Each structure stands twice: as C-alpha cells, then as structure tokens.
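Take a look at the model below.

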Amino acid sequence: MTHDLVAALGPLFTAEASAEAQASGSEPADLEQAVWLRLLERLAAGGPPPDPHGWLRDAVRAEGRRSRRTARRERPYGAEPADDARPGPEQLALTAARYRALRDAVRRLPGRCPRLLEALLSPKDPTYREIAGELGISQGSLGPERSRCLGCLRRLLAPEVAAREARG
C-alpha cells in the first residue's frame, strides 16, 4: 500500500516540489525531503490521506511557506561566526600529547640523532647549512644521517603506535 502510494505520487511530487522551490527560494530536494517525512508521519499516525494528490499539493505549498518564513527570520552574521576550521580544546590537547610523545622518542635516539632531529623540528626552521654548522658535520652527510635517524625513530615508535591502536 505504502509503496503503491509512493510510486503514484512520485512524478507529481517532483514537479510540485520543483515549482514551489522556485517560489520559496529553497532547494527542491529540501522540500521533497520535508514532505516525504510528513507523509511517512501521516501514514504511521492515521493511514493514507483520503485525497493523496490534493494532500501532496497542500503539503508542498505549506512546506514552501514555512521555508519562506524561516528565510525571512534568518539573518546573516554581522561578523564571522566562530571558526570551525580552528582546532578545539580537545584537538589541541591531543596534538600537544602527540608532540610530547614525538619529542620524548627523539630524545631516546642514539648518537647525534636527537640533536639533528631537534634542529630539524626547530620552529626557527634553520637551513641545512645552519644545521650542519651547528652539529659540526658536512652539509652533504646531513641528508643520509637524517634518513638513518628517521628510520631509527620509526622503529622506536612502531611498537608504541601498534600498542595504542590495539587498545582501542
């Protein structure tokens, strides 16, 4: 019964929603969704309407009027609302924890690796020439040493990352 009603009303419904959406300044899909919901609520509460086609036209027009009223009441912000792109306190806390874990792991590395990676992670963003001068090594050996240190860091962090993922 419900499937037959939906199939019978589908083409009329699409046409009515498209026409009313133009007049109300809303999206046809939004009107369709709202009216389909009303129809499902109606079917659950008291069965199908006696005149489904008339009910559909009336419901689409009523939803269009509601959409126009809502659009009139809504006002744009005078200033930008809170920036959702900026991380919230939870994200900041998680980022800080990951940063601390990375710094702790870097400190546990052997040899010159801690100093080299600390220099590479520096907020001052030093050049390879400046890092090589600070560490007392040639600029040409900085890349291969960095690769070895990062490999060491990966091996050091792999068990910790795997253990965290297994828990949760």
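Two residues are in contact when heavy atoms lie within 4.5 Å. Keep that cut-off in mind for what follows.

This is a predicted model. The chain has 7 helices and 0 strands. Of its 168 residues, 27% count as buried. The accessible surface comes to about 11,700 Å². Carbon and sulfur atoms account for 56% of that surface. Now consider contacts between residues at least 6 apart in sequence: 54% of them join residues at least 24 apart.

Start with one pair of helices. Two packed helices are described by the angle between their axes and the distance between the axes. Helix α4 spans residues 89–107, and helix α5 spans residues 113–120. They pack at an angle of about 145 degrees, with axes 8 Å apart. R103, V106 and R107 make the contact from α4. From α5 come P114, L117 and E118. These contact residues divide into 3 nonpolar, no polar and 3 charged.

The largest nonpolar core holds 14 residues. Which of them touch the most other members? They are L116, L117, I131, L135, L142 and L153. Helices α4, α5, α6 (128–135) and α7 (142–167) each give two or more residues to this core. The largest share, 4 residues, comes from α5.

L117 is then in contact with V106, L109, C149, L150 and L153.

There is also a second, separate core. This one has 11 residues, including L5, F13, W55 and V60.

Note on methods: Residues are numbered from 1 along each chain as its sequence is written. This is a predicted model: local features need pLDDT of at least 70, side-chain atom pairs count only at pLDDT 80 or more; totals for chains, interfaces and linings use all residues. Side-chain values use heavy atoms; hydrogens and water are left out. Buried means under 20% relative accessible area, exposed over 50%, partly exposed in between (1.4 Å probe, protein chains only). Accessible areas come from the Shrake-Rupley method with a 1.4 Å probe; for residues, only the protein chains shown count as cover. Axes are lines fitted to C-alpha atoms, for helices over the stretch in contact, and angles run from 0 to 180 degrees between N-to-C directions. Ala, Val, Leu, Ile, Met, Phe, Trp, Tyr, Cys and Pro count as nonpolar, Asp, Glu, Lys and Arg as charged, and the others, Gly among them, as polar. A nonpolar core is a set of buried Ala, Val, Leu, Ile, Met, Phe, Trp, Tyr and Cys residues joined through side-chain atoms within 4.5 Å. Lists of a residue's contacts leave out its neighbours within four places in sequence.
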